[in-house]
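Hi,

Here is the structure I promised to pass on.

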Amino acid sequence: ATVMYIVVMITMRLMGKRMIGQLQPFELAVAMLMADLAAAPLSDIGIPLLYGIVPMLALLLMNSIIALLSCKFPAVRRIVSGRPAMLIKDGAIDHSELKRQCYSVSDLMEALRMAGQLDIAQTGTAILETNGQLSAFPAAGERPPTAREMNISPGPEGAPLVLVLDGKPDDENLKL
C-alpha cells in the first residue's frame, strides 16, 4: 500500500493540477487506493477482509503522517501539494506558465468565466491553485469601490442566520 501510495502520488503530481480538480494529489491518491483496497476483498470471496483492512489502515496512517508533516514543514507541503501558479499577472497571460501547467487559453477562459471574470483584459491576476481551482481577481481599475474608498461606514456586519428551516421557524436564531 505504501509503495502504491507513492507511485500514485508521483503520477498525480506529474499529471498536473488541471487533472486533479478539487483534491490535493495525496488526497486523491489515498481515495483511489482506498477504493481499490476496499474492492479487492469485496469482489473475491477468497481474499480475507483483513487483506483489505490492514493496507487501508496503513494508508490512513501514512496519510495522517504526510498531512502532519505538510502542516509543520513548508518544504514537505511544496513537494506533496505543489505551488500555486500565476497564469495572469498585471493583466497579461503568462504563456510559458500556461504551457508548463498544460493549460490552454480555452481552459483559462472557461475557468475565468467560472470565477466571474468574462474578459481577460479586465482580469488583473489569475492564479492556478494547488487544488486545480483558478482564483481570478479583477484589474485595479475594474474593481468595485470599497466602503473605505468611498468614506462610508456601513456599521458592524453580522453572520447570516437561517430563520426558517424546512418550513419551521428557528426560535434561537429569531431571538438573535
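Predicted model: local features only at pLDDT ≥ 70, side-chain atom pairs only at ≥ 80, totals over all residues.

Below is what turned up, starting with the ground rules.

Residues are numbered from 1 along each chain as its sequence is written, and side-chain values use heavy atoms, with hydrogens and water left out.

Salt bridges first. Taking one as a side-chain nitrogen of Lys or Arg within 4 Å of a carboxyl oxygen of Asp or Glu, the count is two. One joins Glu 97 to Arg 100, at 3.1 Å from N to O. Both residues sit in helix α5 (residues 95-100), three residues apart, about one turn of the helix; helices here are DSSP runs of H or I with at least four residues, numbered from the N terminus, and strands are E runs of at least two. Glu 97 counts as buried because its relative accessibility is 13%, whereas Arg 100, at 58%, is exposed. (Buried is under 20% relative accessible area, exposed over 50%, partly exposed in between, with a 1.4 Å probe and protein chains only.) The other bridge pairs Arg 143 with Glu 149 at 3.9 Å, N to O, and Arg 143 is partly exposed at 46%.

Then there's Gln 117, in the loop between α6 (105-114) and β3 (123-128). Gln 117 is buried, at 12%. Leaving aside residues up to four places away in sequence, Gln 117 touches Leu 112, Gln 122, Thr 123, Ala 136, Phe 137 and Pro 138, where contact means heavy atoms within 4.5 Å.

Cheers
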